[in-house]
Amino acid sequence: MELNKGMRKAILITGAMAGLLAVLLGAFGAHGLKQLVAAEAVASFETGVRYQMYHAIMCIVIGGLSFLTEKQQRQIFYLFLIGTILFSGSIYLLVLDEVMGVSLSGIAFVTPMGGLFLIVGWVRMLVAFMRAAK
């Protein structure tokens, strides 16, 4: 069963927006952030940007695959979306907490949770690809 056009469009638009945001945040990290935080924090920020871009691209790929079922595409998309928000988003906040003057160290546990969602998304995609190849 092919993914309905509305959901496919939402996946593709979300992927494109996440990619755009990754480029903007990457530019900020490369130019503006270096003046505000330590080099280690910039490196962490760049990790968040990199993982966001990887998964933005994968959302676009998933949105364009017609051999996966709607359920498979939705599951992979939501795992990548939630994982990216938790993983990259928490890194951005943890790096910028010093700049904002607010201690957000209490959300550090969110980063590995986001990573787990990303890992499960990749496993789900692998299983879907293996089933589609049969």
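Residues are numbered from 1 along each chain as its sequence is written, and side-chain values use heavy atoms, with hydrogens and water left out. Because the model is predicted, local features need pLDDT of at least 70 and side-chain atom pairs count only at pLDDT 80 or more, while totals for chains, interfaces and linings use all residues.

Helices are DSSP runs (H or I, at least four residues) numbered from the N terminus. Helix α1 covers residues 5–31, which is 27 residues. Buried residues of α1 include M7, I11, G15, A22 and L25, where buried means under 20% relative accessible area, exposed over 50%, and partly exposed in between (1.4 Å probe, protein chains only). The buried residues of this helix pack against α2 (39–64) and α3.

The structure holds one salt bridge, defined as a side-chain nitrogen of Lys or Arg within 4 Å of a carboxyl oxygen of Asp or Glu. The salt bridge joins R74 and E70, with the closest N and O atoms 2.7 Å apart. Both residues lie in helix α3 (residues 70–100), four residues apart, or about one turn of the helix. An α-helix has 3.6 residues a turn, so residues three or four places apart point the same way. R74 is partly exposed at 28% relative accessible area, whereas E70 counts as buried at 13%.

Helix α3 gives the most to the patch, with three residues. F28 lies in α1 and is partly exposed, with a relative accessible area of 31%.

L33 is found in the loop between α1 and α2 and is buried, its relative accessible area being 0%. Leaving aside residues up to four places away in sequence, L33 touches F28, V42, F45, V95 and L96, contact meaning heavy atoms within 4.5 Å. The C-alpha atoms of L33 and V99 are separated by 9.4 Å, although these residues are 66 residues apart along the chain.

Key
Helices (H or I, at least four residues) and strands (E, at least two) are DSSP runs, numbered from the N terminus. The expected span of a helix is 1.5 Å times one less than its number of residues.
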